[in-house]
Each structure stands twice: as structure tokens, then as C-alpha cells.
Amino acid sequence: IPPPPPPPPGLTEMLSSVAEEVRLAIHSDISGSEVLYSLLSAPWLQSLLKIYECLQKFRRLPPSPYLPYASGLSHEILSNIRAVPAPSPEARQLYSLLKSPHLQALLSAHDMVAQTDYEPVLPPLPEDLPEDEEAMRIVCLVKNKQPLGATIKRDEETGEIYIARVIHGGLADRSGLLHPGDLLVEVNGNPVEGLDPEQVIQILVQSQGTILFKVIPSTPQSTKTQQPALLYVRAMADYCPLQDPAIPCPDAGMVFSRGDLLEIVDQTDIHWWQARKLPSASACAGLIPSTSLLKSKQRETWWSQPFQAHTCIKSLSIAADEDDVKTNIGNGAIADEEDFESEDLREVYPEEAEEGAHTMGGIYISGFRRSFRLWRRMTHRKRRQSCYSCSPNTSALSSPYEEVVSYQRRPDDPHRLIILVGPSGVGVNELRKRLIKLNPHTFQGAVPHTTRPARDGEGTGKEYNFVTKELFDYMVCNHRFLEYGEYKGHLYGTSIDAVKDVIDSGRMCVIDTEPHSILSVRNKKFKPYVIFIKPPSSERLRQTRRDARIITSCVVNRPFKDVDFEEMEDSARFMERKYGQYFDRVIVNEELQDACMKLFNTIQLAQEGPHWIPAAWLSTED
Ligand SMILES: Nc1ncnc2c1ncn2[C@@H]1O[C@H](COP(=O)(O)OP(=O)(O)OP(=O)(O)O)[C@@H](O)[C@H]1O
């Protein structure tokens, strides 16, 4: 007879062999194996599994009686055998077996056991017991390098320690067993009564692997169902928890920078919200200051800064002496020509002779005329030399978060306005021109306004909208300009109506502007998509622009100098730092062709793909 097959390994046996394998993994330095080993070899787990195995055995072989009345059956058999006239030898043997007093006593004992109810009889529950009261809860969490995801606080009156908050998606939250308001009784067998929160934190910090909490649960947990819908915001400010002494737990804080997209998952605390950065790799949220708290912090910082005379006021008064800058209203500025005159290498162009005169398929590629560009370039420089901080978004009271919603343009919606920004000389005009030339029936610039008289062959609405000084001033007073300024005694500007005209014609309007002007078209009508054109690394910038030339006056194009590159890099850093929150996309202009393709694809996506836009742009209110 072959030996019976070995019984299948029990759970305890399996556990020991897994634990042994994990022990070997510790030596191979596999992350998390130490914690897993300590969990698998914990005595309480072994005991639990033994109990589990015993219960399983009984589940497989339920100890239920085959018959409740075995002695009754034996009596019936005895009388049947007696009734047989000539019973067989087997029947006679059975008769004597069943008749024996031992067997009869055994069967009667069987019947007694079979008829008894062995279910435990529990004492009746007290009548006044609240339905969901729980006296004490024992919570066992396995801490595997990640933080616990909960903060504690002490009740100043009673000295008791409570769970203050549970971080959304963190270890404690995922367990579903710890809730804000739970009273902490013990941590790993250490009573916490009378301890400072810092001492409790020390116990937690020193605990590795499993942590056992004894807590008295707070009143019924219905917080999850009470949570309002998720809120999505764009950060309009920077925040670093490690530099904030007021944060309840710096480790639980979340760093963010302007422009980051945040999913607010918990706003129950009026001061500290919980949020995740999108796109999120981590399920665990972090603490961030609420709008009101961050605003008050910004106000404090603003007031605590030492007073400095506003540089733009200074420059205005000096400039007024020099008769250089005569006005500085709105987005306007007056530029002078002298800044660009002392050049070594000259290439002579008749004024306004090149780029802008192109037409493509009967459409004017407007906005590239030399005077207009020079005005822009000089204005840019003037602004840098004076003061950027007078732009409207620097208010210490502006909201640190902007609510956003996902938006997908429908085919019959007007196109979104495409705005290119970048430091002077980075290639914004070059890219814009290439893009429009690529498809002039789709992309178009806004026709600028000027008070300069039209020259031979020029027509209003083509190179420029030629207007009188009175009309220009009237438009300035009525805030009709996105930006404007003066160059060589003539006014130049891009009007909001010129942008609107392109959009209303069904084309995609692509403009370039100073970043502070973005604010004047940041509205539901234009739903602007802002692309920042960024210079590549210093080395690549110098390599790629070796043969490039910048326009510096009406008659000069010259190669880039080191100072131009430095100014460009400086200006790019400033723009990102100050206006980064408005940029939807950053394109590094390294290889021209490559950057142009990226720009083309980005614009397609801007018009077709889903994007986060300010919630106000979709609201029905004005
Ligand atoms: N990726 C590139 N590689 C090489 N040359 C480039 C690149 N991008 C732009 N250029 C060249 O650099 C010069 C400056 O570019 P462009 O005139 O477009 O600058 P801009 O950003 O519009 O500056 P501004 O606002 O002062 O007019 C041009 O000669 C252009 O052809």
C-alpha cells in the first residue's frame, strides 16, 4: 500500500516559510523587507493564524450529530431482529452488540450531546446603550518609511491627546480606523496620559514596523459623507512649509509654486486645507494654508518689508527731467531711440522696409513692422530698467489661489487667443512669423494701431490701422489697448478690438505681448492660452544664435553680444518668477525648426484638448 500523501501545508507552516524567504531578502537589501519580516514573525500574528486554522478545520468537519436519536434506532433494530423467525448469524451478532449495556450507554450519551444546544448564551444588552458606541479601539498600523498621515493635539483643559487631523490618502486614512477627535490612550503599550504631544511624536518616530494604538473613538464618523465636492485651484503664489513656523506639522505640509495645479481634498479646517498637486503621483495629500490664511501671511510679509522708494516713481521723476519718459499711464510707455544707436556693426535697412510687407494668400502678416517692434523692444527695456512691480498682479491682497475648471473647446466656440511672451530677442517674432506663414488662413496677428502717417503703398487695416492722435488718445482713455506707447514721436499699440476682429473672423489670433498685459485680456471672451518662449541653456543660446541678428534701430541689425544674452536670461528668469502662474505652456527655443513645430502642436492642443481654465471664464455672470 503506497504511503498516504502528505497533508497540505497549514497556514502557519506557509507563513514560516514566507517569513524565512523575506528574512533572506533583508540581506539582499530589498526595500521594505525588514518591516514585512517583523510583521510576519510577530507572535500575535502566529497565534491568530493558529486560531484561524482550528476554526477552518471545524468549518470543514462540522461536529453535528448524524442522528439526534441513535438509541431509538438501536431499539427499533433490536425489535425487528426479534420478530424474525430464523435470524441469520450476522443478525444474531448485531442483536447481541446492540443489546450490550456499554453500547446502549454510549448511544444514550450521544443522543444527549446531539440534542443539546452548545451556542454561547450572551447576557442581554443593556437597554440604554447607544447604538454605535465603541468603548475602545485597538488599531494596528504598519509604518513602512512613509509618515503616519495624522497629527495630534492636546486639549489644553483636560491635557488629553487627540487625533487632530488625518491626512487624506495617508496611512491612517487608508486604514479607516483613526479619525479626527479620537482620544489617544496608548501608543505601542505606552500610556499617553500626561505626555506632551512632542513626547508622543517621539514614541511614534522611534517606532518601526507595526504601531499599536489604543484609542477611544470620537462620536460617529460621518465626516467623509459631509465632505464638499473637490475643488481645483491654480496657485498664484509660492509656499514652502519648512519656512512657515505656523504650520501644525511641517512634515505634513506641501510645497507648491505659482502655476501649480492643486486638488483641494479637505477644507474642514478653516486655516489648513489638504491638497494634492496635479498630476499627482502620490495618493497622500499635504497641508496647505487656506485662502484666508495665505492672504494674511502675504499681507504680513508685505508690511514687514523695509520701505523702499518705488523705483518707478524715481525713474519717472528723473526721466521727466530728461524729457525721456513723458507718460506712463496704463500699459503705455514712451521709448527713445538713443539706447540703440552706438552699434559697431551696421546693416542698413530702409525704415519699415522688410518683414511686415509680406502678404500670404492676400492676407497681411501684420504686427512685424520695424517701428512697432522697436517700440516694443525699447518699452521692454525701459520697463526692466524702471520697475516691473507696478504691474497690477503684485497686490498683496490678490487671491493666492484661483479656482479652475476643466474646459474643452467645442468646434463652434470661438478660438482661444494665443499669447506668446518671452524676453526680448528670444525669438518670439521669428516663431510667430513662421507659424503664420505656415498657414496664414488659420493663424493671424492683430493689426496694430499707429498715429504715424501712412506711406505710399500702405493701407489702413493692412500694415497698421492708421488713426489720428485724438482717436488714439480716446482709445487709451477708454482702455481699448492691450498695450501702447510712443516711438520717435508716433504712438503705436495693439487694441483689444483688433484681437477681437481676428477671433470673430474665425481665425486663430496669435499675438505677442509683455507679460503684464496678459491681465487685460484674461477674460471669458478671449480665454487666452499663454505660451512662454524660453531661452535654452547659456551655452546652447550662444551656439544657436551665432549667425542670428537682432534689430536695434530703424537701420541696424547686428549680431548678438554677450550682454544681450545675459539680459535675455535675466529677463526670462524674472518673467517666470513673476508671471509663471499665467503660463499654460513653456517652449524652449533652442533649434528654431523644432521650437516652431512644438509651437504649432501646442496651439492645436490648446484649441482642441481639455485644459484647466479659471472657473470665472465659464460662469454665466459677467
Ligand atoms: N532658435 C533660434 N536659433 C537661431 N536663431 C534664432 C532662433 N530663434 C530666433 N532666432 C533669431 O534671433 C533673432 C531675434 O529673434 P526675434 O526677432 O524673433 O526676437 P524677439 O523675441 O521677437 O525679440 P524682440 O521682441 O526684441 O523683437 C532673429 O534674427 C531670429 O531669426
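Predicted model: local features only at pLDDT ≥ 70, side-chain atom pairs only at ≥ 80, totals over all residues.

Reader: Which element gives the largest share of the shell around the ligand?
Author: Residues are numbered from 1 along each chain as its sequence is written, and side-chain values use heavy atoms, with hydrogens and water left out. Helices (H or I, at least four residues) and strands (E, at least two) are DSSP runs, numbered from the N terminus. The largest share of the shell, 3 residues, comes from α13.

Reader: How many residues surround the ligand, and how many of the shell are charged?
Author: The ligand is surrounded by 19 residues, the closest being R373, S424, G425, E430 and R549. Ala, Val, Leu, Ile, Met, Phe, Trp, Tyr, Cys and Pro count as nonpolar, Asp, Glu, Lys and Arg as charged, and the others, Gly among them, as polar. By class, the shell has 7 nonpolar and 6 polar residues, and the number of charged ones is 6.

Reader: What distance separates the polar side-chain atom of S424 from an oxygen atom of the ligand?
Author: Polar contacts here are pairs of N or O atoms within 3.5 Å. A polar backbone atom of G425 is 2.7 Å from a ligand oxygen, and one of E590 is 2.8 Å from a ligand nitrogen. For S424, the distance from its polar side-chain atom to a ligand oxygen is 2.4 Å.

Reader: How much of the ligand's accessible area does the protein cover?
Author: Accessible areas come from the Shrake-Rupley method with a 1.4 Å probe. On its own the ligand has 630 Å² of such area, and the protein covers 86%.

Reader: At what angle does α13 run to β21?
Author: Two strands pair if DSSP finds at least two bridges between them. β21 belongs to an open sheet of 5 strands with parallel pairing, in the order β16-β21-β15-β22-β25. Contact means heavy atoms within 4.5 Å, and angles run from 0 to 180 degrees between N-to-C directions of lines fitted to C-alpha atoms, for helices over the stretch in contact. α13 lies across β15, β16, β21 and β22, and its angle to β21 is about 165°.

Notes: Near = heavy atom within 4 Å. Polar contact = N/O pair within 3.5 Å; in protein donor to acceptor, adjacent residues only side chain to side chain.
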